[in-house]
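Work through the exercises below with the sequence and the model side by side. Each task is followed by a stepwise solution.

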Amino acid sequence: MLSKYLQSMGNDLQPPAQPVQFAGVDAMSQEGNDAFQILYQSGIFKGTSGLRMEPEGSTTRAQFVVLMHRLSVFAQG
């Protein structure tokens, strides 16, 4: 959803040619992994410790605030 939002704002975002290998990638669809790779390369998503994505995990308020801040900074360019 976030990568599509950024693309709708005119950002040309493509998955990297050499994606980062995260643990937990098998729990994601290819579209989800592509979006995560885009957001990781853009500095918006960082994953958790040990290069884990935890796509089925929960998000704390603090993590959400950091995510929204990074998204805002990226969108403002």
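**Exercise 1: the pocket lining**

In the largest pocket, α2 gives the largest share of the lining, seven residues. The model is predicted, so local features need pLDDT of at least 70 and side-chain atom pairs pLDDT 80 or more, while totals for chains, interfaces and linings use all residues. Residues are numbered from 1 along each chain as its sequence is written, and side-chain values use heavy atoms, without hydrogens and water.

Step 1. Of the 32 lining residues, F36, F45, M53, T59 and L67 are the closest to the centre. A lining residue has an atom within 4 Å of a pocket point.

Step 2. By class, 16 are nonpolar, ten polar and six charged.

Step 3. α1, α2 and α3 each supply at least two lining residues. Helices are DSSP runs (H or I, at least four residues).

**Exercise 2: the nonpolar core**

Task: which residues make up the largest nonpolar core?

Step 1. The eight are L2, L6, L13, I38, L39, I44, L67 and L71. Core residues are joined through side-chain atoms within 4.5 Å.

Step 2. Take L71. Leaving aside neighbours within four places in sequence, L71 is in contact (heavy atoms within 4.5 Å) with L2, L6 and I44.

**Exercise 3: Q37**

Task: is Q37 buried or exposed?

Step 1. Find Q37 in helix α2.

Step 2. Its relative accessible area is 2%. Buried means under 20%, exposed over 50%, partly exposed in between (1.4 Å probe, protein chains only). Q37 is therefore buried.

Step 3. Not counting residues up to four places away in sequence, Q37 touches P16, P19, V20 and F22.

Note on methods:
1 Å grid on protein atoms, 1.4 Å probe; cavity = no way out; pocket = protein on both sides within 12 Å on 5 of 7 lines; lining within 4 Å. Nonpolar A, V, L, I, M, F, W, Y, C, P; charged D, E, K, R; others polar.
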